[in-house]
Amino acid sequence: MPELPEVEIVRQSLDKKIKNKKVKKVIVRNRNLRFKVPKEFENFLKNQKIIKVNRYSKYLILGLSNNTYCLIHLGMSGTMHLVKNRQKNILTNTSFYNSLKLPKKHNHIELIFENFKIVYNDPRRFGFFEILENNNLLIKRLSHLGPEPFSKKFDFKYVNHYLKKKEKNIKSFLIDQNFVSGIGNIYASEILYLSKINPMKKAKLLNKKEQKKIILNSKKVLFEAIKKGGSTIRDFKNVLGLKGNFQSSFKVYQRESLSCKRKGCKGIIIKKFVSKRSTFFCNTCQK
């Protein structure tokens, strides 16, 4: 599943292409996504101008000209493809995973603009599109999510209060969207490595210095991942067809049995499962 950096790359790609463009027509070929696409969806978007493509956590938000919103989640396998009219589209994928070209199957939704269309493809159908009629409903819809790592709300006071007396390990909290939204399995391992914290350490045992490290390194790792275009674990590529290359900067993720990259450390990277997710850490410098 895409994490915050990958969804941000999709947001940037879409914003460049569809901002201030009017939706001429909407085609829904399959309503049976994670949540059923509402019957009024086509008319809701038709003739609306896309004012802005925003993002919160792992959600894309299309702000429309009538002050309504379309909320999009890509799920496990959803991709957005830009298909230009009367032109051979060698590379259509504006997001990640699967084919860089528009697949022949599983094209469930099409947003038709004047000279191109955006096609939503999703083989596993865990993604969804929702319509929200005002900003209050949008806020309410996302209210279950914790603050983003980049938010001012994700500060020492918040983290210290939230983790106080918590028995669960810190890795589980970093991938818990109620605590902090947008971080997933890949980046949680990288954040904890940079912070020199063992992923199995109970949250309540983190001292003030370690909590501050998590806050700082969450921002640092995610910012660097966005800067480098995300992580290519399978076939992630951006709107220009270029691979994200943050995976070349991985310190622990998918480096099981390899030597620790930290200068002066002679440790080995270990793989364990935490909350049923693969977790990578150094057996020496992560205490």
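Okay, let me start with a question: is glutamate 130 buried or exposed? At 16% relative accessibility, glutamate 130 counts as buried, because the cut-off for buried is under 20%. Before I go on, keep in mind that this is a predicted model.

So who does this glutamate pair with? The side chain of glutamate 130 meets arginine 141 in a salt bridge, at 2.9 Å from N to O. Glutamate 130 is in strand β8, residues 128-132, and arginine 141 is in helix α3, residues 135-141, so the bridge ties together parts that are 11 residues apart in sequence. There's also a network: Glu8, Arg11, Arg55 and Glu148 are joined by salt bridges that share partners.

Staying with charges for a moment, the count for the structure comes to 12 salt bridges. Another one of them links lysine 52 and aspartate 15, with the closest N and O atoms 3.3 Å apart. Here the lysine belongs to strand β2, residues 50-56, and the aspartate to helix α1, so this pair ties together parts 37 residues apart in sequence. Lysine 52 is partly exposed, at 29%, while aspartate 15 is buried, at 12%.

Then there's arginine 31 with glutamate 42, a salt bridge at 2.5 Å, N to O. Arginine 31 is in the loop between β1 and α2, and glutamate 42 is in helix α2, so parts 11 residues apart in sequence get tied together. Arginine 31 comes out as partly exposed at 22%, and glutamate 42 as buried at 17%.

Which order do the strands take? It's an open sheet of 4 strands, β1-β6-β7-β5, with antiparallel pairing. The edges are β1 (25-28) and β5 (79-84), and each has a single partner strand, so one side of each has no neighbour in the sheet. From one strand to the next, the twist averages 20°. If you look at β6, residues 107-112, and β7, residues 116-121, you'll find 5 bridges joining them. Within that pairing, glutamate 110 stands opposite valine 119 in β7. And helix α1, residues 4-18, lies across β5 and β7, running at about 155° to β7.

Next, have a look at phenylalanine 41, which is in helix α2, residues 41-45. It has 0% relative accessibility, so it counts as buried. What does phenylalanine 41 touch? Leaving out residues up to four places away in sequence, the contacts are Val26, Val28, Cys70, Ile109, Phe129 and Ile131. Take cysteine 70 from that list: phenylalanine 41 and cysteine 70 are 29 residues apart in sequence, but C-alpha to C-alpha they're 9.3 Å apart in space.

Last topic, the aromatics. How many aromatic pairs does a search of the whole structure find? It finds 14. In one of these pairs, the rings of tyrosine 158 and tyrosine 162 have centres 5.7 Å apart and planes at 45°, so the pair is tilted. The two tyrosines are 4 residues apart in helix α4, residues 156-163, so about one helical turn separates them. Tyrosine 158 is partly exposed at 22%, and tyrosine 162 is partly exposed at 22%. Elsewhere, lysine 212 lies over the face of phenylalanine 156, at 5.3 Å from the ring centre.

Methods. Residues are numbered from 1 along each chain as its sequence is written. This is a predicted model: local features need pLDDT of at least 70, side-chain atom pairs count only at pLDDT 80 or more; totals for chains, interfaces and linings use all residues. Side-chain values use heavy atoms; hydrogens and water are left out. Two strands pair if DSSP finds at least two bridges between them. Axes are lines fitted to C-alpha atoms, for helices over the stretch in contact, and angles run from 0 to 180 degrees between N-to-C directions. Contact means heavy atoms within 4.5 Å. Rings of Phe, Tyr and Trp (its six-membered ring) pair if their centres lie within 6.5 Å; planes under 30 degrees apart count as stacked, over 60 as edge-to-face and the rest as tilted. Buried means under 20% relative accessible area, exposed over 50%, partly exposed in between (1.4 Å probe, protein chains only). A charge sits over a ring if NZ of Lys or CZ of Arg is within 6 Å of the ring centre and within 35 degrees of the ring normal. A salt bridge is a side-chain nitrogen of Lys or Arg within 4 Å of a carboxyl oxygen of Asp or Glu.
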